[in-house]
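Please look over the chain and its fold below before reading on.

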Amino acid sequence: MRIDILTLFPEMFAGPFDHSIAKRAIEKKLVNIIIHNIRDFAQDKHRTVDDYPYGGGAGMVLKPEPIFRAVDTIRTGELAPCVILLTPQGRLFNQKIAGELTGYSHLVLICGHYEGIDERVRENLVDDEISIGDYILSGGEIAAMVMVDAIIRLLPGAIGSEASVNEDSFSGGLLKYPQYTRPAVYRGLSVPEVLLSGNHEAIAQWRREQSLLRTLKRHPELLNKVSLSEAEKAFIQSVQKGYTSGNDGEPRGWKGYDGNGC
Ligand code: ADE
């Protein structure tokens, strides 16, 4: 996969892809990330990239010419890239969209800045508009980093074992079950006994239940999007009615953060 990123601040991208999974994916040539300075495509002597909005109003607007020119330069391959504008006005990014975007061999990400971008870019150059959340960032750069990170780790071979991608929170549509490692008891806090039992079937069932409970508590809207067995539906209903499956009252995942913040 090739990812071209158009930005006014290329220096911001020094770092995020130099570590961990992204670094390895680049080294393995699973992905080629190319950062372009939009200013390099401005043709006037001041390399102007923005101007006042027609009709007046506060702030500056990104000019169309450097962005069109940059995309024209990048669009060289036979397959047209998917051109995405990062903007708070876009559709909300999620794991499903990350997965869908791995289906493209070439993405072009345009990082917006200032008060906006000339509408002709939106209408004539951009195939998709994506927001990473309902808040306003200073620009699209951090949003692009978030997207690229989420996409790269889904590329086959990017992560050591496929299993760890498949067991992620969100893959399969549910949040991940609680995880523990040694020691079995720390400050009097013990690991759930079932995980030490060696009973793989019981462990799998416990994990599935915990995933369901966590999802119900924290992101209940996700439950409408996954297919559940009749037994699982009944389990959720019983929890919703106020019953809990744990033998110690509340299920474990409900202690600490309860889905409602500090
Ligand atoms: N640019 C500014 N805010 C943004 C957001 N929330 N998502 C994507 N791009 C942005």
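What follows is a description of the cores, a sheet, a helix, the ligand surroundings and some backbone details.

The model is predicted, so local features are reported only at pLDDT of at least 70 and side-chain atom pairs count only at pLDDT 80 or more, while totals for chains, interfaces and linings use all residues. Residues are numbered from 1 along each chain as its sequence is written, and side-chain values use heavy atoms, with hydrogens and water left out. Helices (H or I, at least four residues) and strands (E, at least two) are DSSP runs, numbered from the N terminus.

**Nonpolar cores**

A nonpolar core is a set of buried Ala, Val, Leu, Ile, Met, Phe, Trp, Tyr and Cys residues joined through side-chain atoms within 4.5 Å; buried means under 20% relative accessible area, exposed over 50%, and partly exposed in between (1.4 Å probe, protein chains only). The largest such core has 29 residues, and Ile5, Leu101, Leu109 and Met147 have the most contacts inside it. At least two residues of this core come from each of strand E1 (2-7), H1, strand E5 (82-92), helix H3 (95-101), strand E6 (106-111) and helix H5 (141-152), with H5 giving the largest share, eight residues. Another core, of 18 residues, lies apart from it and includes Leu6, Val108, Ile110 and Leu125. Contact means heavy atoms within 4.5 Å, and when residues up to four places away in sequence are not counted, Ile5 touches Phe13, Phe17, Ile33, Ile34, Ile35, His36, Leu109, Cys111 and Val148.

**A three-stranded sheet**

Strands of a sheet pair through backbone hydrogen bonds, either parallel or antiparallel. Here, two strands are taken to pair if DSSP finds at least two bridges between them. Three strands in the order E3-E4-E7 make up an open sheet with mixed pairing, and its edge strands, strand E3 (50-51) and strand E7 (116-117), each pair on one side only. Strand E4 (residues 61-62) is joined to E7 in the parallel sense over two bridges, and Leu62 stands opposite Ile117 in E7.

**Helix H7 and Thr215**

Helix H7 (residues 200-218) has 19 residues and reaches 26 Å from its first C-alpha to its last, close to the 27 Å expected at 1.5 Å a residue; the expected span is 1.5 Å times one less than the number of residues. Among the buried residues of H7 are Ile203, Trp206, Leu212 and Leu216, and what covers the buried residues of this helix includes helix H8 (230-240). At the start of H7, a side-chain oxygen of Asn199 comes within 3.2 Å of the backbone nitrogen of Glu201.

Is Thr215 buried or exposed? Thr215, which lies in helix H7, is buried, with a relative accessible area of 0%. Its side chain reaches the backbone oxygen of Ser211 at 2.6 Å, and, leaving aside neighbours within four places in sequence, Thr215 is in contact with Leu174, Leu175, Pro220, Leu222 and Leu223.

A residue is near a molecule if one of its heavy atoms lies within 4 Å of it. Of the 13 residues around the ligand, Thr87, Ile132, Gly133, Tyr135 and Leu137 come nearest. A polar contact is a pair of N or O atoms within 3.5 Å; within protein, one must be able to donate a hydrogen and the other to accept it, and residues adjacent in sequence count only if both atoms are side-chain atoms.

| Residue, backbone polar atom | Distance to a ligand nitrogen atom |
|---|---|
| Leu137 | 3.0 Å |

The side chain of Thr87 also makes a polar contact with the side chain of Arg122 (3.2 Å). Arg122 belongs to helix H4 (residues 119-124) and is buried, with a relative accessible area of 13%. Not counting residues up to four places away in sequence, Arg122 touches Leu85, Thr87, Gln89, Ile117 and Glu129.

**Backbone details**

The peptide bond from Arg182 to Pro183 is cis, with omega near 5°, and Pro183 is found in the loop between helix H6 (162-166) and strand E9 (185-186). Ser20, in helix H1 (residues 20-27), has a positive phi of about 55° although it is not a glycine, and Ser20 is exposed, with a relative accessible area of 57%. Lys29, in the loop between H1 and strand E2 (32-37), is likewise not a glycine and has a positive phi near 60°; Lys29 is exposed, with a relative accessible area of 73%.
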